[in-house]
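Dear colleague,

My findings come after it.

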Amino acid sequence: MERVLVTGGAGFIGSHLCDRLIQRGCDVICLDNYFTSSKDNIRHLIGNDHFEVIRHDVTSPFYAEVDKIFNLACPASPVHYQHNPIKTLKTSIYGALNMLGLSKRVGAKILQASTSEVYGDPDIHPQPESYWGNVNPIGARSCYDEGKRAAETLFMDYYHQHRLKIKIVRIFNTYGPRMNQNDGRVVSNFIVQALTGQDITIYGDGNQTRSFQYIDDLVEGLIRMMDTGDDFTGPVNLGNPVEFSILELANLVIQMTGSASKIVFRPLPSDDPRQRKPDISLAMNKLGGWKPDVKLEEGLAKTIAYFKNKGI
């Protein structure tokens, strides 16, 4: 039975990954400091013989005997990672160093959850893994963007210098149940605003695009990436290549919730990317034909139901 460590395991993505790993028959250690996550996301797992949760901040070293490590710990929404940008940067860099050190000590395979933000406001569309990005190193989002870029560098350096068994995935916009309603991400923002009758707030003119991936599709990609051979490190894009404008998303959420909310427009924040769409050719080739299966309407229906069940 494999013993798997998931940092950020009580977060939106991490909790779904813990579910899937336990279904696979793994023993799971969930590590989290609960800065942006919630015990509610993993409450259903507490008491399971194959699940252990530990409050810990990855900026400090952690010691355990494990076979695999999924390093997901880091605030991932602008509201949260800009709240304490120095802490965000330290989480990305020290967290990567500490988990790589653990991987080196115990010989564990390790996966780094990177982000499409490493591409910045891209000049190439869609974005392939070979694109180096267009990132502002001193902007409002730099703590996250550059922190994740530095973490990728550390992973590759440990691979070249110590031959660690590393994996890097670049996660594009992901949504689904267990999103934090206050995290400022566009899907949760629109759903909560629609359900509570508030104005739907669009920053910019709404013509900027995103590609929305349902959580189940992402978790499948993470599992498949970890299962690849040691000679393949990535990075690999995990995202949905079907592109929607923010205005299209807002209208769809209003339609699906039956809300009377009105759409209002606000100034676009600095360094907010105009386009975001993954080239997933590499993932399809290396991850057994992986591609997102859940359509936006289907995933939104499940996410809306989740927020309704929370009493919103």
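This is a predicted model: local features need pLDDT of at least 70, side-chain atom pairs count only at pLDDT 80 or more; totals for chains, interfaces and linings use all residues.

Residues are numbered from 1 along each chain as its sequence is written, and side-chain values use heavy atoms, with hydrogens and water left out.

Helices and strands are DSSP runs (H or I of at least four residues for helices, E of at least two for strands), numbered from the N terminus.

Helix α1

Helix α1 covers residues 12-23, and its 12 residues reach 18 Å from the first C-alpha to the last, close to the 16 Å expected at 1.5 Å a residue. The expected span is 1.5 Å times one less than the number of residues. Because 10 of its 12 residues are buried, α1 is largely enclosed by the rest of the structure. Buried here means under 20% relative accessible area, exposed over 50%, and partly exposed in between, with a 1.4 Å probe and protein chains only. The buried residues are Phe12, Ile13, Gly14, Ser15, His16, Leu17, Cys18, Asp19, Leu21 and Ile22. After α1 comes Gly25, with a positive phi near 95°.

Helix α4

The 21 residues of α4 (residues 142-162) should span 30 Å at 1.5 Å a residue, and the end C-alpha atoms lie 29 Å apart, which agrees. Its buried residues include Ser142, Cys143, Tyr144, Asp145, Gly147 and Lys148. Further along α4, Ala151, Glu152, Leu154, Phe155, Tyr158 and Tyr159 are buried as well. Their cover includes α2 (78-81), α3 (85-106), β5 (109-115) and β6 (166-171).

Packing of helix α5

The axes of α5 (residues 186-195) and α9 (residues 296-309) come within 10 Å and cross at roughly 55°. Axes are lines fitted to C-alpha atoms, for helices over the stretch in contact, with angles running from 0 to 180 degrees between N-to-C directions. The two helices are therefore oblique to each other; angles under 35 degrees count as roughly parallel, over 145 as roughly antiparallel, 65 to 115 as roughly perpendicular and the rest as oblique. The contact (heavy atoms within 4.5 Å) is made by Val187, Ser188, Ile191, Val192 and Leu195 of α5 and by Leu300, Thr303, Ile304, Phe307 and Lys308 of α9. By class, these residues are seven nonpolar, two polar and one charged. Ala, Val, Leu, Ile, Met, Phe, Trp, Tyr, Cys and Pro count as nonpolar, Asp, Glu, Lys and Arg as charged, and the others, Gly among them, as polar.

α5 also packs with α7 (residues 246-257), at an angle of about 40° and with the axes 10 Å apart. On the α5 side the contact involves Val186, Val187, Phe190, Ile191, Ala194 and Leu195, and on the α7 side Ile246, Leu249, Ala250, Val253 and Thr257. That contact has 10 nonpolar, one polar and no charged residues.

Two loop residues

Ile280 is in the loop between β13 (263-266) and α8 (281-286), and is buried, with a relative accessible area of 7%. Leaving aside neighbours within four places in sequence, Ile280 contacts Asn237, Gly239, Pro241, Trp290, Lys291 and Pro292. Asn48 is found in the loop between β2 (27-32) and β3 (51-55) and counts as partly exposed at 28% relative accessibility. The C-alpha atoms of Asn48 and Ile22 are separated by 9.1 Å, the two residues being 26 residues apart along the chain.

With kind regards
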